[in-house]
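Here is my notebook from a first look through this model. Come along and check each entry against the picture.

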Amino acid sequence: MCIYLESADIPTIVNTIRDLDRQNNMVIILLAEKERPDISALIASLNKEAINFMGGFFPGLIYDNSAYDKGAIILILPTMGSPFVIGNIDTACQLPDFNPLLKQFDTDPKTAFILVDGLAAGMAELLAKIYHRLGNSVNYIGGGAGSLTMQQSPCVFTPEGCFMNTAVLVFLTCESYVEAKHGWQPIMGPIVATKTRHNVICELNWQNAFAIYQQVLEADSGLKLTKNNFYDTAKSYPFGIVKEQTETIVREAVAVNDDDELVCIGTVPENTVMEILKGTPSSLTASVTEVARNCKTSLIGKKPVQSLVVECISRSLFLKDKLSDELGAIKAELTFTPNDKVPVGILSLGEIASAKDGFLEFLNKTVVIGVLYE
Amino acid sequence: MSNGSANFDSKLIMRQISTLYELALSVGNSLDTKENCAAFFKTLMSRKGFGFAAVWVYNRYLPGSEDSDGATLVYAMPEYHIAADKLPLSHPIFACNNGMSISSADPFFTHYITEKNITKGTIIIIPLGHLGIVKLFSISENYVFDQIESRQLNGIFSKFAISLEGCFNHQRLAIEIEDRKKVECELNKAHNDLEQRVEERTHELSVLNQKLTAQIEQNYKTEAALRQQNDYLSHLHTTTLGLMNQLDVKDLLKSITASAGQLVGTDHGFIYLLNNETGIFERKLGLGIFSNDIGRQIPKEQGLTGLVYLQQSPVVVDDYSIFSNAILPPSMRAKLGALMEIPLKGKDGVIGTIGLAFTEKTRKYTAAEVELVSRFAELASIALVNAKLHTAVQEELQERIKIQRRLEYVSLHDALTGLYNRHYFEQALQQLQDPCYAPVGIIVCDVDGLKVINDSLGHDNGDLLLKAVASLLSKTLTTPNIVARIGGDEFAVILPNTTKPGVEFLVGVIGNSITDYNTSHPEFPIYLSAGCAVSTTTLPNIMDVFKEADNNMYREKLQRNNSVHGSLVQALTKALEARDFITQGHAERMQNIVERLARKLGISEYGIGQLKLFTQFHDIGKISISDLILFKAGPLTQDERLEMQRHSELGFRIAQSIPEIHHIADFILKHHEWWNGQGYPLGLKGEEIPLECRIVALADAYDAMTNNRPYRKALTKEQAVAELLTFKNIQFDPVLVDLFIEALDEDQEEHH
């Protein structure tokens with residue numbers, strides 16, 4: 001069950017949720033960054049109603065073929081108990097013991113839904129720990145919350161509060177099919193991030209990262225790349241971390257710091273072999289169409305419960321009005337009844353996806369589509 | 001993705017090299033096994049798209065592994081798939097020396113699955129040099145691990161194996177370092193503990209040392225005090241032992257005074273002893289400046305001595321020269337400094353005092369010295385009491401010895417004569433039975449007429465006679481001859497080593513001595529019968545010799561008996577006359593008148609003879625009456641009269657012991673009986689009184705009245721006859737009175 005609220009005021013949210021037939025399922029509250037309510041007050045109000053919930057605010061929301069920069073999406077999903085709060089992911093986070101909760105249920109979890117502070121450092125370590133713990137026993141789908149201003153603040157919440165540098169995870173009882181694609185193509189590489197610091201690329205090929213990046217972009221685009229116009233150009237030239245068996249993982253450089261280092265969304269391990277990518281709206285849309293089609297295929301013979309789209313905010317910024325093409329492609333593939341509100345999701349700061357086929361990665365500039373089914 | 005075909009796409013090669021470069025750089029990033037594995041496998045899995053990776057290492061290369069035969073899972077990603085972390089080396093996954101890949105489509109796929117939740121995909125096993133294997137899993141069943149890729153990764157895994165070995169070595173080193181750290185820590189702890197203990201112990205020892213030092217100093221002081229005390233006590237002991245052994249009181253007093261002086265280091269001392277009867281202390285001894293002041297007497301409650309007596313405890317005067325109660329003369333007082341006087345105590349209190357004085361004015365007595373001398377005085381008191389007791393015992397002992405000797409003497413001697421007694425005589429006989437004394441002569445003597453003497457002249461005279469005999473024999477027969485009185489009137493002499501002629505000679509000497517004695521003592525002559533015998537070879541038994549001597553004595557006695565008795569009667573008559581000097585001629589005068597009266601009465605001549613004998617000896621009992629009564633001038637008292645009246649009985653006993661007058665003894669007894677029964681001693685009357693007695697009573701009364709007495713003059717015949725008539729029928733037989741008067745008249749006529 002999914003509802004979009006144009007007005008994300010607390011009474012509306014609370015009243016809407018109160019009126020929903022939630023049964024024992026948890027309420028996922030996805031807020032748009034703009035005009036979002038006071039989250040602490042929202043939490044207090046929801047707690048008063050004894051509502052089991054989790055959520056976050058994001059640069060944008062996707063609902064029924066449209067993207068919104070305000071409002072709220074109320075999503076009822078078949079969850080297993082309360083969400084786990086995993087704090088301090090920027091330092092040395094410790095995973096909670098999932099077993100005591102999971103043992104209360106008759107079935108094993110099938111899918112893990114994760115919302116995470118998208119601007120937090122240590123994302124790769126967090127996902128590695130989660131994968132180490134759970135392996136391919138579940139599918140993973142989720143995305144990074146936060147503000148497009150790149151100013152880090154508490155952005156994910158549960159009845160326990162609203163947190164920064166934190167991930168919230170809830171296990172879903174329904175099966176899923178999850179696939180991620182980005183549609184970006186390499187134009188230069190391989191290039192080695194010979195010196196990195198978490199999500200900051202200091203050197204590329206033992207040279208100043210910005211200088212190398214600048215050379216490549218200026219050579220390809222013919223534009224002058226400066227710190228001031230950096231993102232306008234850079235959003236079209238993300239880095240790709242080379243993977244042999246699967247699609248390249250995109251790392252987007254969003255800024256240049258004072259040391260001429262490239263600040264990315266997502267961790268870039270040192271000595272990572274990368275490529276510089278370039279995409280076009282059509283290539284990106286084509287990739288989304290492929291993913292949506294694969295999802296549709298996976299649902300053959302299944303009873304769909306909910307489809308979820310996690311699309312990187314930078315893709316929407318890159319695509320601009322072409323975003324509707326992507327969303328339309330998804331809607332076209334995954335609409336089964338006239339009343340289906342498809343797609344539903346978030347414009348995120350980084351994406352999380354794994355389809356039982358390998359290592360769990362934090363993605364950038366990618367679309368993740370997950371379909372939940374019974 | 002490699003496709004295994006020859007491909008010279010430089011871009012692809014660059015990409016492969018870059019990936020290998022990335023993988024190579026992910027190796028050995030940490031010396032920690034898990035971190036090293038995590039870095040490598042995260043990169044590998046990320047780049048190669050593996051869903052699971054595991055590292056199995058043979059235990060023999062694993063640090064700290066106890067089971068050297070198996071293999072251990074040292075790393076797995078994700079842990080979700082971990083099912084076992086130990087496997088035997090016999091497991092198929094360890095048999096792939098060159099590596100392998102197997103798809104779930106292969107029926108043997110499950111043989112290589114040691115994890116959970118892996119059912120579909122491809123397992124790739126890559127050897128890790130000699131260390132073990134790496135197990136990789138791809139979800140894809142179509143994963144192709146081709147030769148090129150295998151060769152590409154071999155180098156990486158070799159490096160990884162080396163880095164892993166480095167990790168193990170590091171781990172070993174870390175373990176060793178940890179162990180060493182632990183050891184070091186333990187050592188440090190032990191060292192610290194030790195240091196702390198040493199410090200504590202040092203502190204304890206320091207404290208202990210201080211205590212010990214203090215203790216030692218205290219011990220030194222105590223030891224010095226004990227040594228001094230011991231010296232004192234030793235001296236005291238030695239001195240006391242010396243005292244205890246001294247039993248002479250005078251010597252003891254000197255020792256006590258000198259020893260007490262030595263205890264405190266002075267030569268000046270004295271001892272007073274208390275005379276309980278007089279209550280006076282007398283200085284019995286003085287030493288030093290007191291040596292010339294002996295015999296001083298002090299009433300028991302005066303002066304310093306008096307204080308000691310009253311307090312019964314020591315009194316110390318620091319300077320006697322200014323002592324207020326001083327009684328010593330000023331000249332003596334001036335010489336004295338401190339003076340201490342200690343009581344000597346007996347069971348009933350103070351028996352004396354010891355005085356000790358210093359002449360040095362600065363010398364004072366300490367409390368310890370007073371205590372010491374006091375203890376000494378207690379012991380000295382015991383010694384003194386003992387000595388006194390000893391003296392008393394000695395005196396008593398001497399007395400007992402004397403008594404013993406006296407008893408012995410008495411038991412062996414005759415009390416009267418001082419000669420040996422019969423008991424000794426018999427012992428001597430036994431002793432002289434020894435042949436060395438042979439021949440042994442024995443003389444047995446018997447005093448004749450002793451009984452007569454005793455009865456007539458009294459035992460005193462008898463005893464004198466016996467003493468005379470004893471003296472005579474003992475003078476005549478000196479040692480070694482043994483003279484003994486063996487019976488009332490029997491003497492015996494034992495003459496060892498004396499031949500028969502010698503014995504006979506001595507018997508003759510005895511006879512001569514008696515003759516000489518009788519010459520000088522005619523009033524009490526000694527009549528001695530003697531018999532002797534000598535042991536011979538035919539008469540060896542000394543008792544037999546004694547019997548023979550005794551027989552010989554009796555034989556001699558029989559031969560001389562008549563003459564002896566005749567001599568005895570004469571002696572008695574003389575003795576009677578000597579005691580009847582006032583009535584001298586009384587008996588003779590009576591005999592005449594009695595004979596005349598007897599004839600008138602027709603008495604036979606024998607009767608007249610007996611009557612005359614009776615008349616002569618009727619007062620024989622008076623020889624035993626005291627001269628004081630017999631010759632008293634005035635009237636006799638009642639007691640004296642009764643004593644005088646005893647002469648009748650005494651005369652009776654004398655007469656009975658003399659054969660010659662034995663038959664008139666009864667007359668002598670009854671010659672003072674009265675006709676009316678008022679006489680004495682039997683109170684007979686009338687004709688119960690023998691005629692002889694009635695006749696002699698008349699004659700005796702008449703003669704008495706007609707002769708002077710000390711207390712009256714003689715009566716005339718007429719006066720006397722008148723008295724006789726007066727006492728006719730009273731005192732006298734009336735018939736006989738008349739006949740007696742007639743006889744008087746006839747006698748008077750004849751004389752005229």
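**A helix across strands**

I began in chain B, where helix α2 (residues 33-48) lies across β1 (52-58), β2 (70-77) and β6 (132-138), running at about 55 degrees to β2(B). My helices (H or I, at least four residues) and strands (E, at least two) are DSSP runs, numbered from the N terminus. Axes are lines fitted to C-alpha atoms, for helices over the stretch in contact (heavy atoms within 4.5 Å), and angles run from 0 to 180 degrees between N-to-C directions.

I noted that this is a predicted model, in which local features need pLDDT of at least 70 and side-chain atom pairs count only at pLDDT 80 or more, while totals for chains, interfaces and linings use all residues; side-chain values use heavy atoms, with hydrogens and water left out. Residues are numbered from 1 along each chain as its sequence is written, and chains are lettered from A and ligands numbered from 1 in the order in which they are written.

**The sheet in chain B**

Next I traced an open sheet of six strands in chain B, with the order β3-β2-β1-β6-β5-β4 and antiparallel pairing. Two strands pair if DSSP finds at least two bridges between them. Which are the edge strands? They are β3 (86-88) and β4 (100-103) of chain B, each pairing on one side only. From one strand to the next, the twist averages 25 degrees.

I then followed β4(B) to strand β5 (residues 122-128) of chain B: four bridges join them, and they run antiparallel. Ser101(B) has Ile124(B) in β5(B) as its bridge partner.

**A covered strand in chain A**

I looked up strand β24 (residues 351-354) of chain A and found both faces covered: Glu351(A) and Ala353(A) on one side, Ile352(A) and Ser354(A) on the other, are all buried (under 20% relative accessible area, 1.4 Å probe, protein chains only). Strand β9 (residues 139-145) of chain A pairs with β24(A) in the antiparallel sense over four bridges, and Gly143(A) stands opposite Glu351(A). Three bridges join β24(A) to strand β25 (residues 361-363) of chain A, also antiparallel, with Leu363(A) as the bridge partner of Glu351(A).

**Rings**

Phe84(A) and Phe171(A) form one that is edge-to-face (planes over 60 degrees apart), with 6.1 Å centre to centre and 75 degrees between the planes. The pair links distant parts of the chain, 87 residues apart.

Terms used:
Phe/Tyr/Trp six-rings, centres within 6.5 Å; stacked < 30°, edge-to-face > 60°. Buried < 20%, exposed > 50% of the residue type's maximum accessible area, 1.4 Å probe, protein only.
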